[in-house]
Structure formats: C-alpha cells, structure tokens
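Student: I'd like to learn how to read a structure like this one. Could you take me through it feature by feature?

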Amino acid sequence: MRLILMGPPGAGKGTQARFVADHFGVPAISTGDIFRANVSQGTPLGIKAKRYMDAGEYVPDEVTNLMVRNRIDEDDAAPGFLLDGYPRTLAQVTELDGMIGYTGHRLDAVVVLTVDSEELVQRLLQRSETDGRADDTEDVIRRRQEIYTEQTEPLIEVYRDRGILVEVDGMGEVDDVTARIFAALDVIPQS
Ligand code: AMP
C-alpha cells in the first residue's frame, strides 16, 4: 500500500498515521518528525530546516524532496509506506510521482482529514501545553494554517481528479476517526 495522509495542521495526521501504517504493515514516514529529529541532533539538515519550521514556513522543496527520496529508498519502505506531511506543494507532488513511478508502483490513495478551523487552533494550543513544540504558538499556528491553505489545499483537487482521494471526517474521538479511515481504505484494492 502506498498512501498519503493529508490535512491541515492539527487535523490529527500524526496520531492516525501510526494506526493506519500499523494496520497495513507499512512504515509511517513523517517529514515533520524527520525534520524535528534532525533539529534536535543538530545535523546539517536540521540546521537548514530549523528557521523555516520555527516561522511556520515550508522547508524548501529541494531539501525536503531529497530527504523523502532517501527515506523511501530504505528497505522497510519497499512493500509500501504511508506519508504523513508530504507532499505539501505541487512541486512535491511531481517529485513523488517520479519516485513512485520509477519503482513501477502507483499511489493507492490519498486520505484527507477534514476538521473545522477553530477546532484546529484549539487542538494545537492544547498540544503546545503537552508536547512543547516550538511551532505551536498562536501566531505560528495561524501562519501554518495560511500556508496550508495557499500551498497544500490545492493538492486535494489534483488527487481528486486522479480518482484516488478519500475524504474522512477528522472531528470527534481518535478511535472513531481511525475506524472511519479503515472503513474507507479497506475497500480500496491494494497494489
Ligand atoms: P508537521 O509536523 O508535519 O506539522 O511539520 C512541521 C514543520 O516541518 C512544517 O511546518 C514545515 O516547516 C516542515 N515540513 C514538514 N513537512 C514538510 C514538507 N513536506 N515540505 C516542507 N516543509 C515541511
């Protein structure tokens, strides 16, 4: 299974990504987590990414694309993967098409979690109290939402046109959302 999990910041992608990836026996690949690990280890990639992340901006495509390419080339991703937080720009969509096409596979589905925007801000502010993420302040949260609307939301139509978009209501209890995702994906033929 080759899947993408999309949705605005705070939609619950990280939480759901782990459940969905386990369900299909593929690795969950979160670009945000990989960036954060690099930032905390002070690697050259982390140093490059940090200022964009702190401002709520996207890390430049060439940096992000190379990182994803290397990650999905690893052995555990050969049977499939679930991408959480990638692609986020149209250029990344094209790049991912190339990466998947090169191996002779295809993308099976793109799940979009839909959540009401005020609920999103509240969830993120709550997360800032528990997780202490540097980019969960109210200003940065709003900036991340704006960027999502400008740069990432248009991807939804791209995948809808391809007939692989699965929209799932992301409101409510975590378990209910997971059940909705499984119900929507279990009817999709796996490649
Ligand atoms: P996330 O944990 O998915 O919210 O990502 C945290 C931050 O990492 C984002 O606000 C961006 O600065 C950066 N990031 C994660 N994924 C991408 C991506 N696909 N393209 C560019 N920047 C990204």
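This is a predicted model: local features need pLDDT of at least 70, side-chain atom pairs count only at pLDDT 80 or more; totals for chains, interfaces and linings use all residues.

Student: Which residue forms a salt bridge with Glu-138?

Tutor: A salt bridge here is a side-chain nitrogen of Lys or Arg within 4 Å of a carboxyl oxygen of Asp or Glu. For Glu-138 the partner is Arg-142, with 3.0 Å between the closest N and O atoms. Both sit in helix 7, 4 residues apart, which is about one turn of the helix. Helices are DSSP runs of H or I with at least four residues, strands are runs of E with at least two, and both are numbered from the N terminus. Arg-142, at 36% relative accessibility, is partly exposed.

Student: How many salt bridges does a search of the whole structure find?

Tutor: It finds 18. One of these pairs is Asp-33 with Arg-36, at 2.8 Å from N to O; the two residues are 3 apart in helix 2 (residues 31–41). There is also a network of salt bridges linking Arg-127, Asp-135, Asp-136 and Arg-144.

Student: What does the pair of Arg-143 and Glu-57 tie together?

Tutor: Their side chains meet in a salt bridge of 2.9 Å, N to O. Arg-143 is in helix 7 (residues 138–152) and Glu-57 is in the loop between helix 3 (44–55) and helix 4 (61–72), so this pair ties together parts that are 86 residues apart in sequence.

Student: On to the sheet. What order do the strands have?

Tutor: The general idea first: strands of a sheet pair through backbone hydrogen bonds, either parallel or antiparallel. Two strands count as paired if DSSP finds at least two bridges between them. Here, 5 strands form an open sheet in the order 2-3-1-4-5, with parallel pairing. Strand 2 (28–30) and strand 5 (165–169) stand at the edges with a single partner strand each, so one side of each lacks a neighbour in the sheet. From one strand to the next, the twist averages 20°.

Student: Which strands does helix 2 touch?

Tutor: Helix 2 packs on the sheet against strand 2 and strand 3 (81–84). Contact means heavy atoms within 4.5 Å.

Student: And at what angle do the axes of helix 2 and helix 4 cross?

Tutor: Two packed helices are described by the angle between their axes and the distance between the axes. Axes are lines fitted to C-alpha atoms, for helices over the stretch in contact, and angles run from 0 to 180 degrees between N-to-C directions. In this case the axes come within 11 Å and cross at roughly 100°. Helix 2 and helix 4 are therefore roughly perpendicular, a label for 65 to 115 degrees; under 35 is roughly parallel, over 145 roughly antiparallel, and the rest oblique. Residues making the contact include Ile-34 and Phe-35 of helix 2 and Met-67 and Val-68 of helix 4.

Technical notes
Residues are numbered from 1 along each chain as its sequence is written. Side-chain values use heavy atoms; hydrogens and water are left out. Buried means under 20% relative accessible area, exposed over 50%, partly exposed in between (1.4 Å probe, protein chains only).
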